[in-house]
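Subject: Structure for you to look at

Hello,

Here is the structure I said I would pass on. Please open it first and then read the notes below.

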Amino acid sequence: MKRALMGSEYRPCTYLSENSKTGASINLPIEGHCTPTKRCAVDCYAKSGHTILESNIKKQKFISNYLLGKDITELVYECRRLTAVRLNGTGDLLMKHVPAIINLAEQCPLTTFWGMTRKIKIAERINGRLPNLSLLVSVDSTSPKSVWKYNGPLCFGPRRPEDTVPDNDMIITIFPRHHAGIIIGNVPNDPKDCLAIRKIVKGCLECKRCWSWKE
Ligand code: SF4
């Protein structure tokens, strides 16, 4: 078994993180990684709960550095066993992570890598390269206008009750604002709402909407 907390030799027991909705995810730090909108800075689900435990933040930082290294063997082995892995389960990618993510997807052709980013340039580097790798660009009611120029798939959220979702075919999924599995406020229903948040499915593997838009 790999060593856990050992000072400067720290390595997590597993490189992937578990998530009851997405199954498995590569979690990254918020700090130094995210460029949140005003809405996201307040509503982000990863700002509270178990994701901010010291051990989890330590792991997020480790993974961020690990993706900058030359050897991602351990992560490849974990991902190859899975049908799908969520990218950025917390935090966001940096541009310098992109080569490792592409390498990972190439080495795991039977695993789907999917997720969301706030960064158009990251999505432009990732999308369209490999059949098993894609990102939605996250937008919300406080996003800068420039984001809407992105010519690729979007997701909208966190959506508060007062937010109007633009009529835009590029929006694949809407995320009603929620915490610990509970929607906050009377967010209007929309056919594009995340099925897990609306408790129509248990998790992403039952749904696949956020990556099957490519098919
Ligand atoms: S819409 Fe489906 S695939 Fe996307 S996050 Fe929700 S449950 Fe997962």
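**What surrounds the ligand**

Around the ligand lie Thr173, Cys194, Leu195, Ala196, Val201, Cys204, Cys207, Lys208, Arg209 and Cys210; a residue is listed as near if its C-beta atom, placed from the backbone, lies within 6 Å of the molecule. This shell is made up of seven nonpolar residues, one polar and two charged.

The model is predicted: local features need pLDDT of at least 70 and side-chain atom pairs count only at pLDDT 80 or more, while totals for chains, interfaces and linings use all residues. Residues are numbered from 1 along each chain as its sequence is written.

**The chain as a whole**

The chain has six helices and nine strands (DSSP runs numbered from the N terminus: helices are H or I with at least four residues, strands are E with at least two). Its radius of gyration is 17 Å, close to the 17 Å that the globule rule gives for 215 residues, so the chain is as compact as a globular protein of that length. The radius is taken over C-alpha atoms, and the rule is 2.2 Å times the number of residues to the power 0.38. Of the 215 residues, 37% count as buried (20 or more other C-beta atoms within 10 Å of the residue's own, with C-beta atoms placed from the backbone).

Strand β5 covers residues 136-139. Leu136 and Ser138 point one way from β5, Val137 and Val139 point the other way, and all are buried. In a regular strand the side chains alternate between the two faces of the sheet.

β5 pairs in the parallel sense with strand β4 (residues 112-117) over two bridges, and with strand β6 (residues 154-159), also in the parallel sense, over three bridges. Pairing requires that DSSP finds at least two bridges between the strands. Met116 has Leu136 in β5 as its bridge partner, and Ser138 has Cys155 in β6.

**Leu75**

Is Leu75 buried or exposed? Leu75 is buried, with 22 other C-beta atoms within 10 Å. Leu75 is found in helix α3 (residues 73-80). Not counting residues up to four places away in sequence, Leu75 touches Tyr15 and Leu104 (contact means C-beta atoms, placed from the backbone, within 7 Å).

Regards

Technical notes: A residue is buried if 20 or more other C-beta atoms lie within 10 Å of its own, exposed if 12 or fewer, and partly exposed in between; C-beta atoms are placed from the backbone. Ala, Val, Leu, Ile, Met, Phe, Trp, Tyr, Cys and Pro count as nonpolar, Asp, Glu, Lys and Arg as charged, and the others, Gly among them, as polar. Two residues are in contact if their C-beta atoms, placed from the backbone, lie within 7 Å.
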